[in-house]
Every structure is written in C-alpha cells, then in structure tokens.
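Biologist: Could you take me through one part of this model closely, the metal site and what lies around it? I would like the cut-offs stated as you go.

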Amino acid sequence: MPTYEYRCTDCEHDFALEASVAEYEEGLGADCPECGSSETTRRLGSVVISTGSSDPARKGGCCTPGSGCC
Ligand SMILES: [Zn+2]
C-alpha cells in the first residue's frame with residue numbers, strides 16, 4: 001500500500017498517510033495530526049511503495065524534483 005507524504009502549511013509538520021490508490025483517487029482527508037489544519041500539501045515525488053523491496057537501486061534514493069537531494 002503506498003504511503004503519501006504531506007506537509008502542513010500551517011505548522012510545517014510532515015506526516016504520512018497510508019492509503020490504497022483507490023482511496024487516494026477519491027481524495028484523502030489529509031488533515032494535519034499536529035494542529036488539525038486541512039491546509040496540507042502533498043510532497044510530490046515522495047510516494048513510497050511498501051511492497052517489493054527487492055530493488056536495491058530504489059533504496060536510499062531521496063531525490064525529489066524541485067527539492068533536490070538530501
Ligand atoms: Zn499543522
């Protein structure tokens with residue numbers, strides 16, 4: 001099940017939601033767990049597929065378009 005990473009634009013808290021693609025397509029209620037704000041933005045390019053960890057090339061990669069590498 002993919003994990004979708006979000007950032008709260010009010011308190012800048014980062015959090016992740018685990019949801020099926022179908023749930024995501026319907027629109028997730030990604031409210032900030034810290035302050036309860038609904039002003040959250042998805043962090044693009046950071047979807048982590050938790051199934052199938054047999055691809056070493058994908059491990060440790062945290063480069064995302066727009067935010068560079070860590
Ligand atoms: Zn917040």
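Modeller: In sequence the donor residues of the zinc ion follow the spacing C-x2-C-x20-C-x2-C, where donors are N, O and S atoms within 2.8 Å of the metal (3.2 Å for Na, K and Ca), and sites may look incomplete since water is not among the atoms. Cysteine 8 belongs to strand S1 (residues 2-8) and cysteine 32 to the loop between helix H1 (21-26) and strand S3 (40-42), so the pair ties together parts that are 24 residues apart in sequence; helices (H or I, at least four residues) and strands (E, at least two) are DSSP runs, numbered from the N terminus.

This is a predicted model, in which local features need pLDDT of at least 70 and side-chain atom pairs count only at pLDDT 80 or more, while totals for chains, interfaces and linings use all residues. Residues are numbered from 1 along each chain as its sequence is written, and side-chain values use heavy atoms, with hydrogens and water left out.

The zinc ion is coordinated by the SG atoms of Cys8, Cys11, Cys32 and Cys35 at 2.3 to 2.4 Å. These four donor atoms subtend angles of 106 to 119°, which makes the arrangement tetrahedral (for four donors, all angles between 85 and 135 degrees). Both cysteine 8 and cysteine 32 are buried, that is, under 20% relative accessible area with a 1.4 Å probe, protein chains only.

Threonine 40, in strand S3, counts as buried at 18% relative accessibility, and among the residues it touches are Cys8, Ala30 and Cys32, not counting residues up to four places away in sequence, contact meaning heavy atoms within 4.5 Å.

How values were computed
Tetrahedral: all angles 85-135°; square planar, octahedral: opposite > 155°, others 65-115°. Buried < 20%, exposed > 50% of the residue type's maximum accessible area, 1.4 Å probe, protein only.
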